[in-house]
Each structure stands twice: as structure tokens, then as C-alpha cells.
Amino acid sequence: MTFPNAHPIATRWPASHPDRIQLYSFPTPNGVKASIALEEMGLPYEAHKVTLADADVKSDAFLALNPNNKIPAIIDPNGPDGEPVAMFESGAILIYLAEKTGRFIGKTATEKAKVIQWLMFQMGGVGPMFGQLGFFYKFAGSQIEDPRPQERYINEAKRLLNVVETALEGQDWIAGDYSIADIALGPWLGALEFYGAREVTGWDNHPRTVAYLERFLARPAVQRGRLIPSRD
Ligand SMILES: N[C@@H](CCC(=O)N[C@@H](CS)C(=O)NCC(=O)O)C(=O)O
């Protein structure tokens with residue numbers, strides 16, 4: 001048996017098209033970064049639904065691919081050295097796919113540096129902070145009486161929205177041309193609505209960011225990718 005069906009992940013999620021990139025994911029803000037990138041780049045792939053339930057993300061089969069028990073993860077049977085490559089961490093996956101195709105990562109070294117900078121801003125800032133906001137504002141943490149966790153993440157989300165708003169002055173996309181930095185950032189900006197946190201973070205006071213998200217969501221590849229894999 002050849003990779004990826006030789007990988008332990010295939011005991012739970014076998015590949016029907018082992019010649020294609022295998023995506024193991026769920027349609028969350030981190031998960032859809034990978035599916036949107038694959039759609040934007042026109043790469044053939046096969047999506048497997050790995051839910052956030054322990055029975056999936058903490059299964060032995062999935063841990064063999066991502067010991068950090070989080071989606072998304074991929075296997076590319078045609079890696080750069082002619083060997084298969086297995087990867088986790090959405091930011092790393094975006095860089096890998098962009099370099100594989102030469103798309104959405106800037107054309108010059110300076111443009112690439114800017115794209116990576118804004119991608120890291122999402123990975124280290126917007127994703128973790130908005131994620132904590134979701135926990136303390138909408139999910140289990142909202143029951144905590146101490147107001148400080150909510151205040152902290154609301155203020156941090158506001159601060160990050162202002163950074164985005166300022167960066168978008170005079171440009172349509174966060175790093176110049178449309179790039180993997182937008183593919184990373186767009187889904188997380190959209191998450192504020194899901195958390196019911198638009199009002200509390202002053203979303204409407206950020207007109208460039210509001211228009212930016214609409215521009216992002218209007219892209220056909222984004223509309224396809226954000227529904228993959230299907231929750232059903
Ligand atoms: N830094 C990781 C974060 C991925 C992540 O947090 N994934 C969440 C869903 S959005 C997950 O799989 N959670 C399951 C768990 O933690 O058990 C990345 O960007 O890939």
C-alpha cells in the first residue's frame with residue numbers, strides 16, 4: 001500500500017484518491033483556511049471530516065498525523081522532493097501550498113516578507129485572541145463571574161481590529177495583493193459574528209475592515225472553501 005493510505009490516518013479516514021492532496025479538517029476558522037487555499041489554488045484534493053470531538057481529533061489515527069490534536073492537517077502525496085509530505089498548523093500549510101503553486105505569497109522577496117508578516121499577525125494574534133474571546137464571551141467561559149477575562153479579550157479584539165483597519169488604508173488586501181495572509185485573516189474576522197461579538201468589539205466602527213470581509217466573502221473560492229468539509 002502506498003502513502004497516504006499507508007499512513008495510520010487512513011485506518012479511520014481512507015483516501016479514495018490517494019494521488020490527490022488529503023485534507024483532514026472541519027469548517028472552523030482555522031480549518032477553512034486550508035480548504036479556501038486549496039480552492040483558490042485549484043489543487044486537486046480530497047477532504048475528510050475530522051470533527052472537534054475527542055473521538056476524532058484525539059483518536060490515535062489523527063494523533064499520528066497531528067500530535068497537537070487540532071485540525072487542519074494535510075498529506076501531499078507529491079511533496080517537493082518527490083516524497084509525500086504530512087503537515088499540520090494552518091499557517092505552515094498555507095505557506096507550503098503557496099510555495100508549491102507559486103501563488104498568493106507575493107512575487108518579490110519584499111512582498112513575500114509582508115505576506116508572511118501579516119500571516120504571522122493572524123496566527124499569533126487575531127486567531128488566539130479572537131478564539132479566547134469566543135470562549136469567554138459566547139461559550140463555557142461566559143459563565144465566569146469575574147469580568148476580567150471577558151474584558152481582556154474584548155479589549156484585545158478591539159485593539160487588533162484597529163490594527164487591521166489602519167493597515168487597510170489605501171489597499172484592498174492586508175499585505176497588498178490578495179494572499180494567504182487574507183486567507184488566514186478573513187475567516188477569523190467572520191468569527192466575530194458567530195460569537196455574537198460584533199457590537200461589543202465595535203465592528204461597525206471599522207468601515208474598511210467591514211468592506212474587506214465582504215470583499216473576501218464574495219470570492220467564489222472562499223464561498224466554496226468555507227463549506228468544506230461539509231458538517232453533514
Ligand atoms: N494553531 C493551530 C490551531 C488549530 C485549532 O485551534 N484547531 C481547532 C479548531 S479551530 C481544533 O482542532 N480544536 C480541537 C481541540 O483543540 O481539541 C492552527 O492554526 O492550525
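Colour the protein chain by secondary structure and you get ten helices and four strands (DSSP runs numbered from the N terminus: helices are H or I of at least four residues, strands are E of at least two). Follow the chain along the sequence and the pattern reads β-α-β-α-α-β-β-α-α-α-α-α-α-α. Bear in mind that this is a predicted model, where local features need pLDDT of at least 70, side-chain atom pairs count only at pLDDT 80 or more, and totals for chains, interfaces and linings use all residues. Residues are numbered from 1 along each chain as its sequence is written.

**Zoom out.** The C-alpha trace of the protein chain spans about 55 × 45 × 25 Å along its principal axes.

**Select the core.** Next, pick Tyr24, Leu94, Leu119, Ile180 and Ala181, the residues with the most contacts inside the largest nonpolar core, which has 63 residues. Such a core is a set of buried Ala, Val, Leu, Ile, Met, Phe, Trp, Tyr and Cys residues joined through C-beta atoms within 7 Å. Elements giving two or more residues to this core include strand 1 (21-25), helix 4 (90-101) and helix 7 (180-194). Helix 5 gives the largest share of this core, eleven residues. Where does this core lie relative to domain 1 (8-103) and domain 2 (109-221)? Both domains give residues to this core, so it lies between them; the domain bounds come from an automatic or database domain assignment.

**Centre on Ile180.** Leaving aside neighbours within four places in sequence, show what Ile180 is in contact with: Ala37, Leu94, Ile95, Ala98, Phe104, Ile105, Val115 and Leu119. Contact here means C-beta atoms, placed from the backbone, within 7 Å.

**Now residues 108-232.** An unreviewed UniProt entry annotates this stretch as "domain: GST C-terminal"; such annotations may be inferred rather than shown by experiment, and their positions are given in the numbering used here, with feature names shortened. The span is 68% helix and 0% strand, and its end C-alpha atoms lie 42 Å apart.

**Last stop, Asn155.** Find Asn155 in helix 6 (residues 148-167). Is Asn155 partly exposed or buried? With 13 other C-beta atoms within 10 Å, Asn155 is partly exposed. Draw a distance from its C-alpha atom to that of Ala64, 91 residues apart along the chain, and you'll get 38 Å.

How values were computed
A residue is buried if 20 or more other C-beta atoms lie within 10 Å of its own, exposed if 12 or fewer, and partly exposed in between; C-beta atoms are placed from the backbone. Two residues are in contact if their C-beta atoms, placed from the backbone, lie within 7 Å.
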